[in-house]
Amino acid sequence: MEFFLKWVEEKLMPPMAKLAEQRHLRAVRDGIVATLPLIIVGSFFLIVASPPIPALAEKIQPYASQILIPFRLSVGLMALYAAHGIGYSLAKSYNLDPVAGGLLALASFIMITLPQNVEKIGFVLPMGGLGGAGLFAAIIMAFFAVEVLRFLTVRKITIKMPEGVPESVARSFEALIPAAAIMVIIYIVRVMLNINIQELIMNLFKPLVTAGDSLIGVLVPVILITLLWSAGIHGVSVVGSIARPIWMALLDENTQAAAAGAKILPHIAPEPFFQWFIWIGGSGATLSLVLLMLTSKSRYLKNLGKASLLPGVCNINEPVIFGAPIMLNPILAIPFIIGPVITAVISYIAMVFNLVGRPYVLAPWTLPAPIGAYLATGGDWRAVVLVLVNIALTTIIYYPFFKVYERKMMEEETES
């Protein structure tokens, strides 16, 4: 295991660390994360419209469409919000005006969707491609807008206002030529050439989304995240930058299906699947390790367990990862990697056979796992049972490695 960790540290860690700092991936991560408050709050309206108690659901059903309006204007427009966030973040990383970057990205994304003229209403924008299904298009269009802005700004092809003009006015004029270039290019491609950019992008990324919902698509990010954490890198930050658009696209299709009244949702592996059924207590399912530490004969481990319990229940595990430590620790790194792989397989199989409801609600990640899983599955009590089973399993997996490490710590404490 020491050889393996050395390989991870020397071979895997440097490129992954560079990947984590790549400005476009960082912009995607920051832009999508910025939408989470809206998605979390919007998701709860879905639970209110479809409560898990049948008698209550029947009474609420006549009002469901009205209750779901905040959901449709938050989760249903997540790509729209993400486009602005990504454009803002990417422009900021280039030291460009982030407000202009965000607005140009937003405009680029909206312009690839043609408005429809509806009788007695006027022109309306179809919302089908503005939610999670349009997330990849939002990312590409945000990149396009900001790169055009950068290209023209670097070459000074912008309108410069004289000194004394208010900064906000000067910034607006600086973005004038880039805005014109972006709008004309998209107009030519989308309207004159009649190329459906969004459909083209969605078809390109469709295999990726399908793969992300497979068992292999679940295990790859789980293994990568735990490997990176074992080497001291924030695995979710690195892998999440690439995987989160896929997870959000899967979540959007599940929420839309749930809102339409589907009994079985189409996807297993949106982000809440990882959050509540695999990362129980944080990456590596470390809540089980913290529980074992509470019973330890080692003073250090017992005190660390007490200090890490509340953060662990809230899925914050930096205290135990860096305190035990787990990173670069060949003893604890083994169950840290193996435990989540096993719970991922079990949870996936349970949902394939519909023994547990599939997640479609993005609950706050700091909730205790059983509560979060219950909410994420729209009130399925079997999700709570699965979480408890997974905690028991990871406790069993951690136990022998923990005892070895405990003995080592006790010997050190005796010597000191």
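Start with α11 (176–192) and α12 (197–212), each of which supplies at least two residues of a nonpolar patch. Keep in mind that this is a predicted model.

**Stop 1: the nonpolar patch**

Select V184, Y187, I188, V191, M192, L193, I195, L200 and L204. Together they make a nonpolar surface patch of about 860 Å². Which helix gives the most to the patch? Colour α11: with five residues, α11 gives the most.

Now pick L193. This residue is found in the loop between α11 and α12. Is L193 buried or exposed? L193 counts as exposed, because its relative accessibility is 54% and the exposed class begins over 50%.

**Stop 2: helix α3**

Select residues 36–49, which form helix α3. The helix has 14 residues. From first C-alpha to last, α3 reaches 20 Å, close to the 20 Å expected at 1.5 Å a residue. Next, show the side chains of L36, I39, I40, G42, S43, L46, I47 and A49. These residues of α3 are buried.

**Stop 3**

A search of the whole structure finds five aromatic pairs. Begin with F273 and F274, an edge-to-face pair. Their centres are 5.6 Å apart, with 90 degrees between the planes. F273 counts as buried at 0% relative accessibility. F274 also counts as buried, at 2%.

F273 and F277 both lie in helix α15, four residues apart, about one turn of the helix. At 0% relative accessibility, F277 counts as buried.

Finish by selecting W247. Ring pairs link W247, F273, F274 and F277 into a cluster.

**Stop 4: T286**

Move along to the loop between α15 (271–277) and α16 (287–294), where T286 has its place. Is T286 buried or exposed? T286 counts as buried because its relative accessibility is 1%, and buried means under 20%.

What is T286 in contact with, leaving aside its neighbours within four places in sequence? Select I280, G281, N317, V320, I326, F336 and Y398 to see those contacts.

**Stop 5**

Switch to charged side chains. A search of the whole structure finds seven salt bridges. Go to R150 and E147, one of these pairs. The closest N and O atoms of R150 and E147 are 3.1 Å apart. Both residues sit in helix α9 (residues 135–154). They are separated by about one helical turn, because they are three residues apart in α9. R150 counts as partly exposed at 30% relative accessibility, and E147 is partly exposed at 22%.

**Stop 6**

Select helix α21 (residues 381–415) and zoom to K403 and E406. These two form a salt bridge, the closest N and O atoms being 2.8 Å apart. Along α21, K403 and E406 are three residues apart, about one turn of the helix. K403 is partly exposed, with a relative accessible area of 27%, whereas E406 is buried at 3%.

Last, select K408 and E412. Their salt bridge has its closest N and O atoms 3.2 Å apart. Being four residues apart in α21, E412 and K408 are separated by about one helical turn. E412 counts as partly exposed at 40% relative accessibility. K408 counts as partly exposed at 36%.

Methods: Residues are numbered from 1 along each chain as its sequence is written. This is a predicted model: local features need pLDDT of at least 70, side-chain atom pairs count only at pLDDT 80 or more; totals for chains, interfaces and linings use all residues. Side-chain values use heavy atoms; hydrogens and water are left out. Buried means under 20% relative accessible area, exposed over 50%, partly exposed in between (1.4 Å probe, protein chains only). Contact means heavy atoms within 4.5 Å. The expected span of a helix is 1.5 Å times one less than its number of residues. Patches are made of residues with over 30% relative accessible area and no salt bridge: like charges are joined within 9 Å, nonpolar side chains (Val, Leu, Ile, Met, Phe, Trp, Tyr) within 5 Å. Accessible areas come from the Shrake-Rupley method with a 1.4 Å probe; for residues, only the protein chains shown count as cover. A salt bridge is a side-chain nitrogen of Lys or Arg within 4 Å of a carboxyl oxygen of Asp or Glu. Rings of Phe, Tyr and Trp (its six-membered ring) pair if their centres lie within 6.5 Å; planes under 30 degrees apart count as stacked, over 60 as edge-to-face and the rest as tilted.
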